[in-house]
Amino acid sequence: MCGIVGYTGRDLALPILLGALERLEYRGYDSAGVALIENGKLIVEKKAGKIRELVRALWGKNYKAKTGIGHTRWATHGKPTDENAHPHTDEKGEFAVVHNGIIENYIELREELKKEGVKFKSDTDTEVIAHLIAKNYKGDLLQAVIEAVKKLKGAFAFAVITVHEPNRVIGVKNGSPLIVGLGQGENFLASDIPAILPYTKKVIVLDDGEIADLTPDSVNIYNFNGEPVTKDVMITPWDLVAAEKSGFKHFMLKEIYEQPKAVLDTYKGFISNEETIPFWLKDYRRILIIACGTSYHAGLVGKYWIERFAGVPVEVIYASEFRYSDTPVSDKDLVIGISQSGETIDTKFALQSAKERGAFTVGIVNVVGSAIDREVDFSIHTHAGPEIGVAATKTFTAQLTSLYCLAARESNEREELLKKVEKIPALIEKTLAKAEDVEKVSEKYLKKKDFLYLGRYINFPIALEGALKLKEISYIHAEGYPAGEMKHGPIALIDENMPVTVIAPKDRVYEKMLSNIEEVLARKGIVISVGFEGDKVLKEKSADFMEIPETEEVLTPFLTVVPLQLLAYFIASKLGLDVDQPRNLAKTVTVE
Ligand code: F6R
């Protein structure tokens, strides 16, 4: 939620900041803005709406500044207006701040500052930071920031510049992500790695309670007491191509097509690091999986594999529910947190709480160095590369890969089970080769207002995932259900207008699924099915049939999800919606 960037160097800051913001736009797109220092003056340009609105407002303005900060916003405090857009400044317009996160005590601070005569221009929590820094400034921006930070409560990351020190950018991290990019004669701050990929692969990942002090030729890191901190420099394996559309109309489509590679890379990563895994699931009385959204759905699939291959009971819990629950947890439990971003605050807090209650914590994360990656006792990395489309796709199948491998490792048939993963990429390719068929199906359903998704056993979570994909990018109401539960309520919704997407590969519940399909047909529902190629019975019962190659039961979720991702994509795209940046959503959810 919200993306922040900072630059100081020898090049023009504005194009660098705008490019970086575009690559961070997936974090929020309610408004955008930049602040630059030019000829000793602070210039602030900001606009409600997407970054293209800001770019339009900047048209023809030839700023020569070489230091600046930028922001793309996901609104929390204050509506998405020009005034509430970041950067925010002090009264004299000498200090500018961009911020990600929430200052929890901002009302109290605002009242204190107002009593001292400070006049506020926005409704945001951020503005207090600019005023506090200005108030504490005595010739050294770092000292002013240290003093200001003492007053702030909450989870936040921010960057600040001042006209008094035109070649300096300071960044602060406490709860929200912030990295430093190391260049030659230039340095960068950003919420996430894709922002800086065109310029450098050398990254310092800041920890909570750290301050980065940047000039074009130096980077120094301090703790909140102003003491220097030594940090490792990491070389990111991500490249720019991974963060660009490469000829695809949308990132989401590109990422759907990257799934064979995401699965293979994650599998290879697992195999080469398997020996370092310091635990056996079997040594625990219970496995708890904690996650949100799509990652939660991956966890639900993981439950079937772990229970089947390792024989350990698994509970899957929404992170936001776990943190405040009374669920008994002890050192007899192993808790797995799944998060593509590694920054989801609900998952991070839930893992912290599990740790405090004595559990051993494991993360399955896509972003190395992210908050969750650092929080847990042990991390397993998915290797999906950066995911830019807000709707998670390739990270989901990568998470499935990690979970499958983790479970298979516990089985007496470890080798055989792991070997099976090697055939998944080719099976996904085959499924993707039928994308045109799915596109044709999508055209028939553009006007529908509601969808039901049904699945059983290991494909029940895929029904949930299919429904989530559709609702988040097409704004069509969709519900996923275990097919057996339909008769306990949702069946009342079925009539001749209701498309029911059923997932029915030939597995142990296939016959049951066929019966559920009959129940839908008897109420005149429209059946759209996902099943094995050549399944005439299923095809005959369906108004539309989306086929996947035949495979064994345990592997089906890797394939059944693909036509559902494509269906959601084509529907949203044909409705002319912003597939990569659906309304109200953000890629990284750093608020509770
Ligand atoms: C849906 C989606 C979200 C995320 C959720 C958790 O397509 O992307 O539901 O899955 O916000 O995010 P991570 O995995 O980053 O913790």
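This tour moves from the whole chain to the ligand and its surroundings.

Before selecting anything, keep in mind that the structure on screen is a predicted model. Begin with the protein chain coloured by domain, using residues 3–240 for domain 1, 245–433 for domain 2 and 435–579 for domain 3. If you then show domain 1 and domain 3 together, you are looking at two parts whose C-alpha centres lie 45 Å apart.

Next, select the ligand, and ask where it lies relative to domain 2 and domain 3. Because domain 2 (245–433) and domain 3 (435–579) both contribute residues to the shell around the ligand, the ligand lies between them. If you display pockets, the space that the ligand takes is the largest pocket.

Now show the residues around the ligand, of which there are 15, with S295, S339, S341, T344 and E472 being the closest. Colouring this shell by residue type separates six nonpolar, seven polar and two charged residues. To see which helices take part, select α8 (293–310) and α16 (460–474), each of which supplies at least two residues of the shell.

Finally, zoom in on individual contacts with oxygen atoms of the ligand. At S295, a polar side-chain atom lies 2.6 Å from a ligand oxygen atom, while at T344 a polar side-chain atom lies 2.4 Å from an oxygen atom of the ligand.

Key: Residues numbered from 1 in each chain as written. Predicted model: local features only at pLDDT ≥ 70, side-chain atom pairs only at ≥ 80, totals over all residues. Heavy atoms only, no water. Domains from an automatic or database assignment. Near = heavy atom within 4 Å. Polar contact = N/O pair within 3.5 Å; in protein donor to acceptor, adjacent residues only side chain to side chain. 1 Å grid on protein atoms, 1.4 Å probe; cavity = no way out; pocket = protein on both sides within 12 Å on 5 of 7 lines; lining within 4 Å. Sits in = over half its atoms within 2 Å of the grid points. Helix = DSSP H or I, 4+ residues; strand = E, 2+ residues; numbered from the N terminus. Nonpolar A, V, L, I, M, F, W, Y, C, P; charged D, E, K, R; others polar.
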